[in-house]
Amino acid sequence: MFKKILIANRGEIALRVIRTCKEMGIKTVAVYSKADAESLHVKFADEAVCIGPAPSNESYLKMANIIAAAEITNADAIHPGYGFLSENAKFSKLCEEHEIKFIGASAEMISKMGDKATAKATMIAAGVPCIPGSDGIIPDYETCEQLANDAGYPVMLKATAGGGGKGMRAVWKQEDLKDAWDSARMEAKAAFGNDGMYMEKLIEEPRHIEIQIVGDSYGKACHLSERDCSVQRRHQKLTEETPSPFMTDELREAMGKAAVKAAEYIKYEGAGTVEFLVDKHRNFYFMEMNTRIQVEHPITEEVVDYDLIREQILVAAGVPISGKNYYPQLHSIECRINAEDPFNGFRPAPGKITSYHAPGGHGVRVDTHVYAGYMIPPNYDSMISKLIVTAQTREEAINKMKRALDEYVIEGVKTTIPFHRQLMDHPDYIAGNYTTKFMEDFEMK
């Protein structure tokens with residue numbers, strides 16, 4: 001087992017890792033930028049090393065500084081948390097070269113799953129369902145027609161040089177394909193000087209559902225069931241829950257089996273997440289794999305009573321997993337509390353927290369690094385905390401979340417607490433009737 005772990009991150013995830021290390025009897029090293037000198041992860045680690053000024057490219061992304069901090073403190077492992085260098089193949093390789101264990105995926109694994117085209121090809125080879133469509137640019141209309149017939153309507157035509165919705169066309173039936181092909185190419189040519197097109201099957205009323213997996217160094221993997229992350233704004237998750245209100249026992253079994261198959265096919269080591277898009281007919285398709293711990297991992301921990309950070313450390317130390325899969329026994333919801341103004345387009349709102357009171361009580365967990373007097377710097381992600389509630393049923397969890405949000409006091413900065421409070425009263429959310437498009441029609445009142 002490791003004697004000392006350096007946490008190459010900041011904020012709540014750094015503190016989260018420190019807590020588990022302490023419980024395992026492992027010494028900890030915090031690294032911090034000058035902007036984070038007063039952060040709690042710095043105060044609670046056994047040692048702390050300043051690695052640079054506030055900008056992340058001069059501190060938390062500065063590989064040489066982090067490796068130097070590990071060497072001068074004699075840390076034998078580095079936990080990268082999420083974000084920053086957690087999915088950086090070069091950093092994983094650098095740790096290996098310096099004989100410091102990277103508590104995460106190998107450089108080869110990160111490279112393989114980080115590139116979407118390579119990841120998709122790998123998953124197809126593994127027998128994991130992927131979104132049908134073209135493998136690259138479609139050479140002519142005849143090929144386009146054949147691909148659409150093979151994928152099944154509806155399909156989405158997309159400009160290879162696209163952006164901002166230009167050169168995109170949803171096609172619901174064969175008669176409309178030729179007009180969509182011609183107009184999309186014309187628009188793409190005018191907007192980007194490139195009329196290259198590719199195609200994917202259009203996922204109707206998509207939900208973003210991910211499966212938590214853990215793989216060991218002996219080629220064995222298990223899953224810990226799903227998290228529904230469909231409530232998101234500009235591809236940024238706002239709240240997550242498990243189990244998904246859309247899930248059936250059959251679908252959970254099929255998605256879990258596919259995620260384990262994916263992990264074992266690539267001999268994945270560590271905690272990871274296989275992310276899927278699921279259509280209204282409950283067909284699921286591989287989207288991507290995150291080779292790190294997720295922000296929303298606490299809800300999984302709460303419903304299966306499992307410390308994912310502890311498991312990451314054990315797997316990195318060569319301990320085999322039990323191999324059994326885990327299924328939710330309770331219902332858990334997480335709200336991401338950000339320093340943003342939900343009444344003003346979720347504009348970031350850094351500043352000083354003048355008053356702070358966290359909610360408590362049975363089934364309430366708050367993962368945070370802030371306190372009264374803490375200055376939220378403008379240099380990093382705006383997340384203040386994660387509010388997690390767990391109850392016997394989804395209805396009870398929603399009511400518990402309402403109560404916890406009402407108790408949560410953060411003054412001095414704007415936060416997303418009012419948004420989450422309104423979300424918990426939204427009839428479609430209460431009914432579990434939401435997709436990744438949910439926020440397009442949501443209005444703050």
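Here is a short chat about the core and one lysine of this predicted model.

Me: Before we start, what should I know about the model and the numbering?
Reply: It's a predicted model, where local features need pLDDT of at least 70, side-chain atom pairs count only at pLDDT 80 or more, and totals for chains, interfaces and linings use all residues. Residues are numbered from 1 along each chain as its sequence is written, and side-chain values use heavy atoms, with hydrogens and water left out.

Me: How many residues are in the largest nonpolar core?
Reply: 56, and those with the most contacts inside it are Leu6, Ile78, Phe91, Met255, Phe276 and Phe286. A nonpolar core here is a set of buried Ala, Val, Leu, Ile, Met, Phe, Trp, Tyr and Cys residues joined through side-chain atoms within 4.5 Å. Buried means under 20% relative accessible area (1.4 Å probe, protein chains only).

Me: What does Leu6 touch?
Reply: Skipping residues up to four places away in sequence, Leu6 touches Val29, Val31, Ile66, Ala69, Ala70, Ala75, Ala77, Ile78 and His79. Contact means heavy atoms within 4.5 Å.

Me: Switching to Lys237: buried or exposed?
Reply: Lys237 is buried, with a relative accessible area of 13%.

Me: Which side chains does the Lys237 side chain make polar contacts with?
Reply: One is Glu210, at 3.0 Å, and another is Glu296, at 2.8 Å. A polar contact is a pair of N or O atoms within 3.5 Å; within protein, one must be able to donate a hydrogen and the other to accept it, and residues adjacent in sequence count only if both atoms are side-chain atoms.

Me: And how far is His208 from Lys237?
Reply: Their C-alpha atoms are separated by 9.8 Å, with the two residues 29 apart along the chain.

How values were computed: Buried means under 20% relative accessible area, exposed over 50%, partly exposed in between (1.4 Å probe, protein chains only).
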